[in-house]
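Here is a short briefing to read with the sequence and the 3D view open side by side.

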Amino acid sequence: MIRNPKDLTRYTAHERANHWLVGICFILLALSGLAFFHPAFFPLTQLFGGGVWARILHPYIGVIMAASFLVMFLRFRSLNTMTPADKEWLSRAGEMMSGDDHNMPEQGKYNGGQKAMFWAMSLSVLLLFVSGIFLWRAYFSLPVDVVRLGAVVHAAIAAIMIAMIFVHVYAALWVRGTVRAMVYGTVTRAWAKQHHRAWYRQVTGKS
Amino acid sequence: MALQSLDIARRSATTTPAPGVRQTTEVAKLIDVSTCIGCKACQAACMEWNDIRDEVGNCVGVYDNPADLTAKSWTVMRFAEVEEKGKLEWLIRKDGCMHCADPGCLKACPAPGAIIQYANGIVDFHQENCIGCGYCVTGCPFNIPRISQEDSKAYKCTLCSDRVAVGQAPACAKVCPTGAIQFGSKEQMKDYAAKRIVDLKSRGYDKAGLYDPQGVGGTHVMYVLHHADRPELYKGLPNDPSISPLVSLWKGFAKPLASVAMAAVALGSLFHYVMKGPNEVSKELEDELEKEDAK
């Protein structure tokens, strides 16, 4: 992709590094976690050096993800406040998905779907972290009913979060010109004007 | 711990049939609490046969010694003092794995082949396949498995599966001086229990009965209790135990449902791309910006 000096900066190097740290942790956690969830996925433990290693590593990776996600949460929290325009965007998300984005309300740096995803993921990570602590027998020993509840919550939220990440990654691939924002931080002006017009106006000062 | 077998009924985290061509008789151990004298010969025989020595602990002021099951103590006598009809009763229960017909440990276990249920009903841990996650502890309705602090593997009573495989009774049954621990086919043990219950009833224990809880499909370690209506008297033996609904949800219903849902989202995304095409930046906008630049 040719980089144009007039491209707009969407993410700083620190923001990108933060995102990828979370992303790498998430992929490792999903692969090792699925292995403990369903026998069909158990062979994934081989990626970690076997079942015992997967069991040892998973919670430590979880702690790294929770910490790096917290930093990302603090960075982007204020940009993700829901507005009436976001709600309207969400109510018209079907039109967008079917390929017609002409009537979508004007969006700031993030659209309603991205904001909804941000809050859903924040809640998921919090729940996964707390329930994960319940299951971490190397360091914690809680009453069995708490552990059982933790196991159900951890598995259910993890499955939901994996599905959400599929949507998150797919959205980035589907909307062309998006992945580069997370790789080298810039987007084209046309991309910004089409998908996030309010943000485009804000950063360029143009209409 | 066990030998390679041809009589496996169930194998943890395995979705295809286990080797099961050999059918064996369902066995059971019957513990007659009413004739137990609390001598702990069963505990000694257990550690001797399995050749495991627990650390010597401290007296905590009661007869229970060791105070709880550990990765190295697979059976312990639990002593309860209760008052019934104005008389003291010393209820001594040998605690250990119940070898459930529907084992919660096996249901929860994520490691293929770490927990085996044999056709004879014995539920055995194969520590070489154990990953040390502790899900068996989460799944067990009787609070039996213990994770070793040394090797992070789960351990519990094997019902001497190695002895039973060669036609011997478990070490604890062999050594019991009063015959309070009996071993045989599950049918024989039920018949024997029925006789003991008639005897106990004739001696005034009109609620005497067999503890073979159906909530876990019955067990392969059963108790004769003087107060079968109140098993909790015996140091918290659960009344009507079953696999927790949370464990059933987690390792039953949720497993296929979540797997299908995740696959559906992934495939749905792919098909969306194929059918709707990518969301490209419009050529109009690009041209418009190029014109602006040219000015």
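**A glycine in chain B, then the wider picture**

B:Gly139 sits in helix H3 (residues 135-139) of chain B. Please keep in mind that this is a predicted model.

**Around B:Gly139**

- Is B:Gly139 buried or exposed? B:Gly139 has 26 other C-beta atoms within 10 Å, and with a threshold of 20 or more for a buried residue, B:Gly139 is therefore buried.
- Setting aside neighbours within four places in sequence, the contacts of B:Gly139 are B:Gly104, B:Cys105, B:Lys107, B:Ala108, B:Ile243 and B:Val247.
- One of these partners, B:Ala108, is 31 residues away from B:Gly139 along the chain, and the two C-alpha atoms are separated by 5.4 Å.

**Loops of chain B**

- B:Pro66 belongs to the loop that runs between helix H1 (41-50) and strand E3 (76-84) of chain B.
- The peptide bond leading from B:Asn65 into B:Pro66 is cis, with omega near 0°.
- B:Asp51 is also placed in the loop between H1 and E3 of chain B. Its phi is positive, at about 55°, although B:Asp51 is not a glycine.
- B:Asp51 counts as exposed because it has 6 C-beta neighbours inside 10 Å, where 12 or fewer is the limit for an exposed residue.
- Another positive phi is found at B:Lys85, a residue other than glycine, with a value near 50°.
- Where is B:Lys85? B:Lys85 lies in the loop between E3 and strand E4 (87-95) of chain B.
- With 6 C-beta neighbours inside 10 Å, B:Lys85 counts as exposed.

**Domains of chain B**

- Chain B is assigned domain 1 (8-243) and domain 2 (248-294).
- The C-alpha centres of domain 1 and domain 2 of chain B are 53 Å apart.

**Chain A as a whole**

- Chain A contains 9 helices and 2 strands, and its pattern along the sequence reads β-α-α-α-α-α-α-α-β-α-α.
- Taken along the principal axes, the C-alpha atoms of chain A fill a box of roughly 60 × 35 × 30 Å.
- Of the 207 residues in chain A, 29% are buried.
- Among contacts in chain A with a separation of 6 or more, 61% join residues 24 or more positions apart.

**Helix packing in chain A**

- A pair of packed helices is described by the angle between their axes and the distance between the axes.
- Helix H5 (residues 112-135) and helix H6 (residues 144-174) of chain A have axes that come within 8 Å and cross at roughly 150°.
- How do H5(A) and H6(A) run, and what is the cut-off? Angles over 145 degrees count as roughly antiparallel, so H5(A) and H6(A) are roughly antiparallel to each other.
- H5(A) passes H6(A) in a left-handed crossing.
- On the H5(A) side, the residues that meet H6(A) include A:Met117, A:Ala120, A:Met121, A:Ser124 and A:Leu127. On the H6(A) side, the partners include A:Val146, A:Gly150, A:His154, A:Ile157 and A:Met161.
- The residues of this contact between H5(A) and H6(A) divide into 16 nonpolar, 6 polar and no charged.
- Helix H3 (residues 84-91) of chain A packs with H5(A) at an angle of about 100°, their axes being 8 Å apart. H3(A) and H5(A) are therefore roughly perpendicular to each other.
- A:Asp86, A:Lys87, A:Trp89 and A:Leu90 in H3(A) meet A:Gly112, A:Gly113, A:Lys115 and A:Ala116 in H5(A).
- The contact of H3(A) with H5(A) is made up of 3 nonpolar, 2 polar and 3 charged residues.

**Where chain A meets chain B**

- The contact draws 37 residues from chain A and 38 residues from chain B.
- On the side of chain A that touches chain B, helix H1 (13-37), helix H2 (51-76), H6 and helix H8 (189-195) each supply at least two residues.
- Which helix gives the most to this side of chain A? H6(A) does, with 15 residues.
- The residues of the side of chain A that touches chain B divide into 23 nonpolar, 7 polar and 7 charged.

Note on methods
Residues are numbered from 1 along each chain as its sequence is written. Chains are lettered from A and ligands numbered from 1 in the order in which they are written. This is a predicted model: local features need pLDDT of at least 70, side-chain atom pairs count only at pLDDT 80 or more; totals for chains, interfaces and linings use all residues. Axes are lines fitted to C-alpha atoms, for helices over the stretch in contact, and angles run from 0 to 180 degrees between N-to-C directions. Helices (H or I, at least four residues) and strands (E, at least two) are DSSP runs, numbered from the N terminus. Angles under 35 degrees count as roughly parallel, over 145 as roughly antiparallel, 65 to 115 as roughly perpendicular and the rest as oblique. A crossing is left-handed if the near helix is turned anticlockwise from the far one by less than a right angle, and right-handed if clockwise. Two residues are in contact if their C-beta atoms, placed from the backbone, lie within 7 Å. Ala, Val, Leu, Ile, Met, Phe, Trp, Tyr, Cys and Pro count as nonpolar, Asp, Glu, Lys and Arg as charged, and the others, Gly among them, as polar. Domain bounds come from an automatic or database domain assignment.
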